[in-house]
Amino acid sequence: MNLGVIEAWCLENQDSQRHLQEGADLARKIGRPYLEVACLAQLAFTSKIEPLATTRQRCLEAVALAERHGWGAEPIIAPALVNLAGVLILTGQFDEAECWLRRAARALETHAGPGIRLLLQMGTGMLLSGRGKLREALAEYTAAGCLQAQMESSHACAGQLTGWTLSTQAGLGQLTEARAALVALGPELTATAEIANARAAICLAEANPASALAAVQDVLNGITPANSYTTVVEANILAAIAHRELGDQCAATIATEGALALAEADWLILPFAMTGALELLEAMPRHETAHAALLADVLDVLRGISAALPDESSWPGLDQLRLSELRVLRYLPTNLSRQDIARELSVSIHTVDTHFRNIYAKLQAHDRTSAVQRAREMRLLSARLTS
């Protein structure tokens, strides 16, 4: 277990996952549930190479096992609580994430270790950044930075934490401070994709989009390694904003589409919120994106509409809609015609017409516009439900 934890903080995620899973299996075999919970909770932190749905499931399994033994409020389960909140923040489910962060904070009231507290401060900063509360977010990132200074050496979160701190300073107009902090960084951090993104954010705040574009070029080309593909999504968004400010809407659209394509697998929303991409996305031609459902969800979150998933028990239409109908439903917010949708799904126009009729009936809608409105209210346009 301890070897796996150390490997996780050193970004040796595959080895970390293997050792923590071995630890959990052995603890289960010898009847040591406390150690099993500890391994499973830490396993959630190592799941960065897995889909977010996998991380979420691992967190919930760890929490459920802890609760069965009465340890649901103990420091041992805090890594799972924090990482579950992180998954929800990344996917724009801010209200639910806040509940898990509060629970993690309560679990850590008697725990003094800097590592897990750093994750809690970072998670809180991410939540506040996503909500546009930059001054409060910067305070959390700064507190996390103080905890980082207590650790022996650099770790898995160092680049992301430093990058988000600098970007938040830029967003607040603290450009002198951000530039000074950027210059003071060591060569190891300076060479990361996370800092390249921060440099681009500073350049954009300085009204220098050409330099911002240059800053993220190696990230987009895969030359500068990133700890997480979330960083690459962010780089595409920053490039799109830079292109738009340079007057090249075509290039901005291509970069935005690249960000949406990367984000769709996990339904990432936070990078769009943290980069202030509302105007960029509102200018995105709906007929030029293959990711209309994600785009609609992102815009909802950026406009302050909660991204919480529907309560299935309260929406009978969700149970009644078949998977094939949900797939057609995703295309309703776009400008695609029924013939276009049929081509996209490789089905006949007759099949699409049938699905349209069924969708209208089940959602109690009389036309495409009211069906889209109803579907958005029910959060049925998310790929988390339709893929």
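Colleague: Where is the place of Gln364?

Modeller: Gln364 sits in the loop between H22 and helix H23 (368–377). Do keep in mind that this is a predicted model.

Colleague: What makes Gln364 exposed or buried?

Modeller: Exposed means a relative accessible area over 50%. Gln364 has 68%, so Gln364 is exposed.

Colleague: Why is Glu344 called partly exposed?

Modeller: Its relative accessibility is 49%. Buried would need under 20% and exposed over 50%, with partly exposed in between. The value of 49% falls in between, so Glu344 counts as partly exposed.

Colleague: Where is Glu344 found, and which residues does Glu344 touch?

Modeller: Glu344 is found in helix H21 (residues 338–345). Leaving out residues up to four places away in sequence, Glu344 touches Tyr331 and Leu336. The C-alpha atoms of Glu344 and Cys10 are separated by 43 Å, with the two residues 334 apart along the chain.

Colleague: How do you know that Leu363 counts as buried?

Modeller: Buried means under 20%. Leu363 has 2% relative accessibility, so Leu363 counts as buried. Leu363 is in helix H22.

Colleague: Which residues does Leu363 touch?

Modeller: Not counting residues up to four places away in sequence, Leu363 touches Leu321, Leu329, Ala371, Arg374, Ala375, Met378 and Leu380. For a sense of distance, the C-alpha atoms of Leu363 and Ala293 are separated by 17 Å, and these two residues are 70 apart along the chain.

Colleague: What does the largest nonpolar core contain?

Modeller: That core has 92 residues. Ile77, Ile89, Leu119, Ile237 and Phe272 have the most contacts inside it. Helix H5 (residues 78–90) gives the most to this core, ten residues. A second, separate core has 20 residues, and Leu363 is among them, along with Phe356, Ala365 and Ala375. In soluble globular proteins, nonpolar side chains tend to be buried together.

Colleague: Which residues does Ile237 touch?

Modeller: Beyond four places in sequence, Ile237 touches Ala259, Pro271, Phe272, Thr275, Ala277 and Leu280.

Colleague: What lines the largest pocket?

Modeller: There are 23 lining residues, and Leu204, Ile241, Met274, Thr275 and Gly276 lie nearest the centre of the pocket. The space in this pocket is about 570 Å³. By class, its lining has twelve nonpolar, seven polar and four charged residues.

Colleague: How many charged residues does the lining of the second largest pocket have?

Modeller: None: that lining has 15 nonpolar, five polar and no charged residues. The volume of the second largest pocket is about 360 Å³. Val5, Gln42, Pro79, His111 and Ile116 lie nearest its centre, out of 20 lining residues.

Colleague: How many cavities of 30 Å³ or more does a search of the whole structure find?

Modeller: It finds two. The second largest cavity has a volume of about 50 Å³. H9, H12 and H14 each give two or more residues to its lining, and H9 has the largest share, with five. The lining divides into one nonpolar, six polar and two charged residues.

Colleague: What is the mean pLDDT of the protein chain?

Modeller: The mean is 87, and 92% of the residues reach 70 or more. Over residues 306–318, though, the pLDDT is below 50, and this stretch has 28 contacts in the model beyond near neighbours in sequence. Residues 383–387 also stay under 50. Where pLDDT is low, the predicted coordinates should not be read in detail.

Conventions:
Residues are numbered from 1 along each chain as its sequence is written. This is a predicted model: local features need pLDDT of at least 70, side-chain atom pairs count only at pLDDT 80 or more; totals for chains, interfaces and linings use all residues. Side-chain values use heavy atoms; hydrogens and water are left out. pLDDT is the predictor's confidence in each residue, from 0 to 100. Contact means heavy atoms within 4.5 Å. A nonpolar core is a set of buried Ala, Val, Leu, Ile, Met, Phe, Trp, Tyr and Cys residues joined through side-chain atoms within 4.5 Å. Buried means under 20% relative accessible area, exposed over 50%, partly exposed in between (1.4 Å probe, protein chains only). Helices (H or I, at least four residues) and strands (E, at least two) are DSSP runs, numbered from the N terminus. On a 1 Å grid over the protein atoms alone, a cavity is a set of points where a 1.4 Å probe fits but cannot get out, and a pocket is an open set with protein on both sides within 12 Å along at least five of seven lines; lining residues have an atom within 4 Å of a point. Grid points are joined across faces, edges and corners, and a volume is the space filled by probe spheres set on the points. Ala, Val, Leu, Ile, Met, Phe, Trp, Tyr, Cys and Pro count as nonpolar, Asp, Glu, Lys and Arg as charged, and the others, Gly among them, as polar.
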